[in-house]
Each structure stands twice: as C-alpha cells, then as structure tokens.
Amino acid sequence: MDLLPPGHRPRVAIIGYGLSGRSFHAHLIRRSPGLELYGIAARDSAVRARIVAEQNCRTFDSFDAAIADPRVDLVVIATPHDTHARLGIAALNAGKHVVTDKVMCLNATECDAMIEAASIAGRMLSVFHNRRWDTDFLTLRRAMEDGTLGDVRWIEMNWQRHGVSKSWRGDPSRGGGRLLDLGAHILDQLLVLFTSPVRGVYCRMHHDWNESPVESHAMVTLSFADGSTGICDVGTMTRSPKPRVYAVGTKATLTKEDVDPQEVAMRAGEIDTAESDHAAHRATLYTADGQRVIEGVPGRWRAFYDNIADALAGRAEPVVKLGEMRRLMGVLDAAAESARTGAVVEPI
C-alpha cells in the first residue's frame, strides 16, 4: 500500500449523508485526531446546506466530484449496500484510499473485484466493522483469551427487534435485510473469535411480514473444522429478544444482555458518555461455584478510525483486513445458498 507523506493528516470525503454517514462516520472521523473531515457528498441541495450547518465542512454535489478533488485522500462509502463495489472500485481507480460501510458488498465476486482494484491501485481498502469494538464482543474475547471460559466450543450471538425494514433496507436487490445488516457484524465477530476453517454453513430464513420482501428472521449456523459451533440469530419480528451473547466453555458459561450503548449515545451526539458507562458493560459468568457479574471491557468505536489513520501513516496495519472480509463474504454467500436449498453449504 502506498502511504501518505510523513506528517500529512489525511483528508476524508464521505459519500452519503443518511444515518450512517451523519451519525456514524462523520461523528467518529471528527473525533479522530489523525483525520480531517474534509467534505461530504450529497445530491440534494437542502442536504448539502444541512451538512455545512452541522459539520462545517465542504460539500460535493456528486460522487464523481468528490473523487475528482486531488485534496481528498480517503473516501468513505456510506451508501446502500448494492453501491459499495461500484463506488469503491471507482474511488480506488481514482487513486483514493477507501473505507466502505458494512456489509462490504453483495457477494464474494464483488469482494474479489474490490480487492483486485485495491491491489492494482496500491491503495488501502477496509470495511467499517465498528462492532469489533462493542463492549459485549470485547468482554467475550477477553474471557476467551485469558482462560476464564476454558475451551469455548459454542457461541450464540443474537440481535432481534420488532418492526419492518424500511427504505432500501427493505429491498433485497439492494442488499436489504437483517442478515446483511447486523447479521454481517455478528458473523464477522464469530469469524474473529473462531479462526478454524468453516466447513459448513446452514441457514434458515422466514419471510413473515407481508409489507416487506426481505427476511423477517434468519439463523445461520457455522460448523468449524475444530468442532466449534457459531450461531448468528437475527430478526425483525421478535418481541422478547434472546441474550445478546451466550458462550459455552469447558470452565464456564458467559451471557450478556442488551446491546452496546455506543450507538444510542452517538445518535445523541456524544459517544464518550457511553464509553464510561461501565454498568451497562457487565456480563454474567456461570461456573461450578455459582454465578457472578463481571466487569466488561468498555467499547470504543473511535478505535476504528484511529487505526485507519495509523494505517495510512504506516504506523499500523488495518485491523479489519481484506482476507477476513473475503472469508465473511464467502460465508454470507453460503448462507444465501443454504437458505435457498435447505442444504449445508461449504464456503468458497
């Protein structure tokens, strides 16, 4: 990867100013001392006026205008899932470093094309898997790495709510649906925790909302070569959700209720209030001696863009690596095939 000049503070252009571009990317980039929020692209003139008022940065009236600006170093793709590959490849071809929102793209074929474009251009390509810095994931990972749970063989991660997916998120042709939304985060977390090769993927989907063509519930079971099992369970018709995390080890079982508090705090305009809310970070550990509440590892989504800044300066490798993204896209492709056929599918 071609690095930026020493001492240069990368200038970032965000493509899109919906919820993701506004409340996630702009919010976090502005809080990373190693990056400059240089501009945001939006086609609507009223939205561009809001951007100036809310973010005090430049605006672009199109994606093409943003990637044509020679001062832009990093392009963040915060648009619907079906645009990520096309826009990401175009930005890489224009000589820009790129971060796409998750999910990276629609399938492994698009993923391969994006990785090839990054290699040819000599530019960084990464994906916004901010939930690797969720408190529940960090707490579970610590309990696995320090031996608290013993040999972990079974992890269930769940994310349910009640309500119909709207706008493009309710359109399967655009990458809508719960599995490619929060399910992509959960599967990424499972693949980070279990590094053994995935030998089988089994997916069951239900489509029970007449108003929406995307799945109302999806459960994906991953069978790993070492005998471990990972389960991703997501849905939009659940009125009483399961625990966010349920992990079974030879020494103990860990459960974690509720979701990470950072998103709520960030939508309110101040993510740091969530980082210090330790009471919301606690998990329950069940052992032969009984049960106890354990202190959680505070989440820190800001670490994603701090890492991107360090990677562009040559101080670190991107935490979210392209090989990991290819593995994830292979699993998602296998899950889609399994849902269609009812068979267990081995990822390619």
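Which residues does Asp306 touch, not counting residues up to four places away in sequence? In this predicted model, the residues in question are Ser32, Pro33 and Arg300. Asp306 belongs to helix α10, which spans residues 302–312, and with a relative accessibility of 22% Asp306 counts as partly exposed. Asp306 is also 8.9 Å from Arg31, C-alpha to C-alpha, although 275 residues separate the two in sequence.

The largest nonpolar core comprises 103 residues. Leu140, Leu149, Ile155, Leu187 and Tyr305 are the residues with the most contacts inside this core. Helix α7, made up of residues 182–193, gives the most to the core, with 8 residues. In soluble globular proteins, nonpolar side chains tend to be buried together. For Ile155, once its neighbours within four places in sequence are left aside, the contacts are Leu140, Met144, Leu190, Leu193, Phe194, Thr229, Gly230, Ile231, Tyr246 and Ala247.

Two of these contacts of Ile155, Leu140 and Met144, are among the buried residues of helix α6. Helix α6 runs over residues 135–145 and is mostly covered, with 8 of its 11 residues buried. Besides Leu140 and Met144, the buried residues of α6 are Thr135, Asp136, Phe137, Leu138, Thr139 and Ala143. The elements that cover them include the strands β7 (152–160), β11 (245–249), β12, β13 (283–287) and β14 (290–294), together with helix α7. Gly147 follows α6 and has a positive phi, near 85°.

The second largest pocket has a volume of about 390 Å³. Its lining consists of 19 residues, and those that lie nearest the centre of the pocket are Gly176, Leu180, Met205, Glu215 and Ala336. By residue class, the lining divides into 11 nonpolar, 5 polar and 3 charged residues. Helix α11, residues 322–341, gives the most to this lining, with 6 residues.

The count of disulfides is 0. For Cys232, the closest cysteine sulfur is that of Cys203, and the distance of 8.4 Å is too far for a bond, because a disulfide needs the two sulfur atoms to be within 2.5 Å. Cys232 is buried, with a relative accessible area of 0%. Cys57 is likewise buried, at a relative accessible area of 10%.

Several backbone features remain to be described. Most residues other than glycine have a negative phi, and most peptide bonds are trans. Asn56, which is not a glycine, has a positive phi of about 55°. The residue lies in the loop between α2 (45–55) and β3 (58–60). With 68% relative accessibility, Asn56 counts as exposed, since that value is over the 50% cut-off. Asp258 has a positive phi as well, near 65°, and is found in the loop between β12 (253–256) and α8 (262–267). Its relative accessibility of 60% places Asp258 among exposed residues. A cis peptide bond joins Lys102 to Val103, with omega near -5°. Val103 is placed in the loop between β5 (97–101) and α5 (108–121).

Note on methods:
Residues are numbered from 1 along each chain as its sequence is written. This is a predicted model: local features need pLDDT of at least 70, side-chain atom pairs count only at pLDDT 80 or more; totals for chains, interfaces and linings use all residues. Side-chain values use heavy atoms; hydrogens and water are left out. A nonpolar core is a set of buried Ala, Val, Leu, Ile, Met, Phe, Trp, Tyr and Cys residues joined through side-chain atoms within 4.5 Å. Buried means under 20% relative accessible area, exposed over 50%, partly exposed in between (1.4 Å probe, protein chains only). Helices (H or I, at least four residues) and strands (E, at least two) are DSSP runs, numbered from the N terminus. Contact means heavy atoms within 4.5 Å. On a 1 Å grid over the protein atoms alone, a cavity is a set of points where a 1.4 Å probe fits but cannot get out, and a pocket is an open set with protein on both sides within 12 Å along at least five of seven lines; lining residues have an atom within 4 Å of a point. Grid points are joined across faces, edges and corners, and a volume is the space filled by probe spheres set on the points. Ala, Val, Leu, Ile, Met, Phe, Trp, Tyr, Cys and Pro count as nonpolar, Asp, Glu, Lys and Arg as charged, and the others, Gly among them, as polar.
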